[in-house]
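Visitor: Could you walk me through this model and tell me what stands behind each label you use?

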Amino acid sequence: MAKFFIDGVEYEAKAGENLLQAALSQHLDLPYFCWHPSLGSVGACRQCAVVEYRDENDKKGRLSMACLTGVREGLRVSIANSRAADFRKTVIEWLMQNHPHDCPVCEEGGECHLQDMTVMTGHSVRRYRQAKRTWQNQDLGPFIGHEMNRCITCYRCVRFYADYAGGTDLGAFGSRGRMYFGRVSEGTLENEFSGNLVEVCPTGVFTDKPFAKQYTRKWDLQSSPSVCTGCSVGCNTFAAERYGQLRRVHNRYHADLNGYFICDRGRFGMHFVNSDKRIRMGGVGVGDGTFEARGTERVLETASALVRSDQALIGIGSPRASVESNVALKWLVGSENFCPGLADADAAATHELIASIASDACCIPTIAEIERADAVLVLGEDIADTAPRAALALRQAVRGVSFAMAQEAGIPHWQDAGVRGHAQDHRHPLFIACAGTSRLEDVAEATEAMHPEDAATFALDLAEVIAGKREAFEPGTFAARVSAVLADSKAPLVVSGTSQGNASLVRAARDLAVSLKIAGKQSMLLVAAREANSVGACMVGGSLSMSEALARMADGCSVVVLENDLYRRADAGRVNAALRASSVIVMDVLETPTADGASVALPAASFAESTGTYVNYECRAQRFYQTFQPEGEILPSWAWISRLASERGSDPGWDSIEQLTRQCAEQGFAGIEQAGPGSDYRFAGISRIARQTHRYSGRTAMYADETVHEPKSRIDSETAFAYSMEGANSGRQASATIPYVWSPGWNSNQSLFKFQQEISGPWMQGDPGVRLDPSWYLRHEAHPSDAESLAAEGEFRSVPIFPLFGSEEQSARSWPIVRRMPAPFAVLHPQDAARLGLVEGGGVAVLAVGRSCEVRLDAGMPPGVVGIAAGLPGKDVQPHCRTDLSPDPEFVRKMDGEPGVIARG
Amino acid sequence: MLSQIRTLWTVLSHTFKRNETVQYPEEMPYQAPRYRGRIILTRDPDGEERCVACNLCAVACPVDCIALQKTEREEDGRWYPEFFRINFSRCIMCGMCEEACPTYAIQLTPDFELCEYERSNMVYEKEHLLIQGTGKYPDYSFWQVAGKTIEGKGKGEAQQEQSPSDPRSNLP
């Protein structure tokens with residue numbers, strides 16, 4: 001630590017830290033643009049000027065850029081000095097020379113870092129009288145809007161997009177006063193983290209296009225802390241509503257998980273909440289897949305008749321429903337009649353993941369810990385598709401070597417250009433052993449095309465070699481390189497996942513991580529689960545597997561299906577038979593094929609309309625809070641379950657989410673109530689947390705068309721939040737209850753630093769969420785057995801491929817994601833394709849799926865293996881078997897997913 | 001005693017002064033153009049809606065009686081309010097909305113006669129607020145100043161703009 005002085009006041013910071021970061025860590029106001037905590041300093045904007053003094057006798061000093069000045073013992077600087085302040089004001093004036101008169105029609109207005117800094121430095125009148133430079137914009141696809149005139153050349157966009165996220169299609173063009181940031185030619189930004197440009201750009205060059213369609217200023221949004229439903233990483237988000245619609249999702253910082261960035265599936269996948277395919281009214285099935293909407297009471301009558309009847313009652317939970325709803329359903333039907341709702345193979349693999357979490361022998365890393373790995377092996381899982389945020393962390397992990405090299409060379413770690421320039425192409429080794437080319441391939445040391453089953457065998461062999469139980473691999477082979485690198489590493493990371501439904505793959509990855517640990521390494525094991533609450537649902541337990549549940553249904557029984565589309569869990573024939581033979585009560589958010597076959601459909605609340613808890617891949621329980629009260633008859637699933645229970649005459653023992661959460665804590669989720677405070681929490685003992693900003697507008701006019709008597713704002717009995725602007729949000733409250741970030745003078749998301757203990761440190765009160773101990777589950781609940789491999793014949797072994805856009809059930813119903821979704825495809829090695837006479841873009845009939853797919857050629861696919869798109873909407877199952885392929889000359893490629901509209905100016 | 005006489009004198013002296021009573025409503029008092037009465041939404045000189053739905057009036061309003069929603073016209077790219085509602089039963093005619101408006105769309109007029117038997121009739125929607133003219137500012141057209149393009153005004157065609165640069169050229 002070094003003591004230094006700002007304006008005569010003594011502060012402490014880590015020696016060598018950059019001064020801007022140190023000043024912001026003290027929550028001082030110092031304007032900046034180009035510096036970003038995750039992207040480092042480049043000194044491009046000259047905005048953070050301070051006066052630096054030689055010693056205490058130096059009264060004159062000299063101007064320095066704070067972001068490029070290292071903190072050292074005794075350093076004396078002034079932020080307030082008028083020379084520095086004038087300089088900063090002048091810089092803003094230059095930056096604003098060409099800035100268009102756009103604020104009223106700019107989506108950044110009101111949360112614009114450039115606006116904030118302009119006000120902060122005091123620049124107000126444009127003295128420059130010459131004409132403004134202009135640019136043509138580009139259509140960057142369905143996610144991102146482009147308005148180049150607003151650019152202030154801070155380079156943050158390309159530094160994030162290309163340097164940090166590995167994107168290749170956004171660059172800087174031109175020179176001097178004519179810098180252009182865009183693509184070589186107009187087209188969709190391909191990188192899956194493009195949405196972060198919206199938050200990284202300090203002004204309105206890159207804006208959230210779907211949000212802009214129904215634009216609302218930040219101050220008018222009613223927000224709450226939420227958790228992404230896109231994958232098992234559980235990135236923290238802010239969900240924001242206006243006029244009864246969920247308008248946007250933004251990144252909510254979490255030091256251990258998502259940090260400053262989330263992926264596009266999370267950001268743009270939330271529009272399903274406003275979909276017209278929502279179930280908004282209770283309905284009774286009339287037999288042909290259609291429903292008659294009836295009032296809650298009449299629907300409940302039908303439902304409770306089914307629940308009360310002599311027929312056996314079973315319950316099917318869901319990995320996309322909250323822990324609370326799953327536990328409630330398990331209570332309703334009894335543990336012996338409950339199935340957690342995972343597909344058999346998925347349940348077995350997820351169980352292995354939970355067993356790994358419980359085992360002391362391996363360490364499950366947080367996303368931040370992934371970045372500290374010094375050697376990575378990816379086994380059988382395309383992590384870039386199934387847990388994109390973790391893949392982004394892998395990119396940073398391989399970059400880790402550059403920081404070590406910079407330290408040796410005396411380059412400070414925040415000197416972004418210096419660190420990158422010095423390291424050139426040196427990276428920590430990343431090996432990929434899976435089927436199909438991963439988007440991480442550009443940073444991989446070597447890749448080997450491998451079917452997941454072979455990857456499992458490979459991992460076991462590696463584990464034996466490392467343990468010395470087997471002789472070393474033949475030199476020069478991929479295996480030899482991997483084992484040499486792993487043997488050489490200090491903190492190796494083994495990456496795999498459950499998407500292949502292959503429990504032995506997860507076991508093998510764990511064995512490898514354990515053997516590395518025994519060999520004295522700080523080894524880590526990352527296993528991505530399939531869905532946001534796969535781990536939580538699996539931990540709820542229950543005796544039935546999916547096939548047992550379907551078999552019981554086929555014998556005739558009543559069944560409650562909780563937010564689950566069974567067609568995604570088992571093969572369509574069995575689901576059809578099961579749905580036909582049983583009386584089904586479905587509670588779900590969106591219309592699904594399962595709901596179509598149900599007797600009763602109940603409208604369930606989405607993540608934004610309810611409160612609950614998800615458990616992520618590392619068994620971290622995270623609370624999401626209700627953002628807004630849905631219209632119509634929508635209720636959270638657990639509330640429907642308690643209604644069903646009381647119709648049946650049994651007392652559930654809870655009547656609020658809080659009591660239910662406490663019940664969960666007693667049933668294997670000990671500690672879950674600490675994921676976020678309950679309804680009695682008050683900041684400083686008195687104050688609720690305001691969902692609305694203190695500038696929230698239109699309160700006396702929003703609903704004046706319905707009634708001029710303003711309704712009393714709803715009292716929230718379930719959470720500590722208020723449905724109003726009254727309440728606190730200073731950042732000093734419990735960190736799980738921060739609904740948005742704002743601080744005086746800092747309207748943009750850059751105000752985050754006022755909420756952090758220090759830059760990139762945890763929130764003021766620590767990071768939210770609590771890691772649970774799954775040992776209760778392992779002791780008490782039945783363990784799913786490995787799925788039997790289906791005996792099937794065919795020339796090709798198949799492997800499911802889960803495209804980032806489209807393979808997650810709910811986000812695939814979000815309209816911006818739909819525009820990026822691929823049509824069903826099959827991936828083949830070029831040699832196989834040539835042998836079968838298939839060409840890229842042509843059609844191939846895949847027997848196991850029973851339909852034709854578009855052919856994609858990929859040399860990263862092992863010969864004799866076909867990758868088949870899985871998880872896309874529809875009734876396709878993932879084939880874990882073999883299949884035959886034949887050309888389909890009549891195949892017509894569906895041209896969906898391409899943006900057709902050219903964005904205007 | 002003296003005080004009472006002085007009072008009588010003052011009162012009686014008014015018999016010979018001009019009558020201050022105005023025969024309202026037969027006789028309308030003079031209202032300065034800047035008087036703050038009923039709020040209107042005006043149009044650009046080209047006849048299109050001036051309001052760009054920026055929400056600044058709504059946030060400036062101290063009684064929060066303005067609510068609107070931004071939308072965009074497909075054919076020309078102009079931002080405009082999908083709905084625009086003022087609850088005059090809450091409005092205090094403070095004029096903050098007019099001051100906040102960056103496009104001169106929202107203006108206060110000298111019309112102060114806002115009386116209804118039904119309070120709900122005090123809720124004005126866009127169709128009640130939007131007039132056909134430009135109001136107090138006949139010449140200003142926000143879209144001719146803004147950098148964002150609309151149909152008929154491309155990049156470089158707004159006031160004080162150079163024609164678009166070529167990112168592929170490094171010529172001076």
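Guide: Gladly; here are some conventions, and then we take the labels in turn. This is a predicted model, in which local features need pLDDT of at least 70 and side-chain atom pairs count only at pLDDT 80 or more, while totals for chains, interfaces and linings use all residues. Residues are numbered from 1 along each chain as its sequence is written, chains are lettered from A and ligands numbered from 1 in the order in which they are written, and side-chain values use heavy atoms, with hydrogens and water left out.

Visitor: Why is A:Ser606 called buried?

Guide: Buried means under 20% relative accessible area, exposed over 50%, and partly exposed in between (1.4 Å probe, protein chains only). A:Ser606 has a relative accessible area of 2%, so A:Ser606 is buried. A:Ser606 sits in the loop between strand S24 (600-603) and strand S25 (612-615) of chain A; helices (H or I, at least four residues) and strands (E, at least two) are DSSP runs, numbered from the N terminus.

Visitor: Which residues does A:Ser606 touch?

Guide: Leaving aside residues up to four places away in sequence, A:Ser606 touches A:Phe272, A:Val273, A:Arg278 and A:Val589. Contact here means heavy atoms within 4.5 Å.

Visitor: What makes A:Glu52 and A:Arg62 a salt bridge?

Guide: The rule asks for a side-chain nitrogen of Lys or Arg within 4 Å of a carboxyl oxygen of Asp or Glu. The closest N and O atoms of A:Glu52 and A:Arg62 are 3.5 Å apart, and the pair forms a salt bridge. A:Glu52 lies in strand S3 (residues 49-53) and A:Arg62 in strand S4 (residues 62-65) of chain A, so the pair ties together parts that are 10 residues apart in sequence. A:Glu52 counts as buried because its relative accessibility is 6%.

Visitor: How far apart in the chain are A:Arg320 and A:Glu809?

Guide: They are 489 residues apart, and the pair links distant parts of the chain. Their closest N and O atoms are 2.9 Å apart, and they form a salt bridge. A:Arg320 is buried because its relative accessible area is 5%, and A:Glu809 counts as buried because its relative accessibility is 9%.

Visitor: Why are A:Arg835 and A:Asp832 separated by about one helical turn?

Guide: Because they are three residues apart in helix H26 (residues 830-836) of chain A.

Visitor: What joins chain A and chain B?

Guide: 55 residues of chain A are in contact with 52 residues of chain B. The area buried between the chains is about 4,200 Å², with 49% given by carbon and sulfur atoms; buried area is the accessible area (1.4 Å probe) that two parts lose on being put together, summed over both. Five salt bridges are counted between the two chains. In the pair A:Glu147 and B:Lys155, the closest N and O atoms are 2.5 Å apart, and the two form a salt bridge.

Visitor: Which residues supply 40% of the area that domain 2 of chain A buries against domain 3 of chain A?

Guide: Chain A is divided into domain 1 (2-96), domain 2 (347-529) and domain 3 (796-887), with bounds from an automatic or database domain assignment. About 1,200 Å² is buried between domain 2 and domain 3 of chain A. A:Asp385, A:His451 and A:Gln500 supply that 40%, more than any other three residues. Across this interface the rule finds two salt bridges. A:Glu453 forms a salt bridge with A:Arg797, the closest N and O atoms being 3.3 Å apart.
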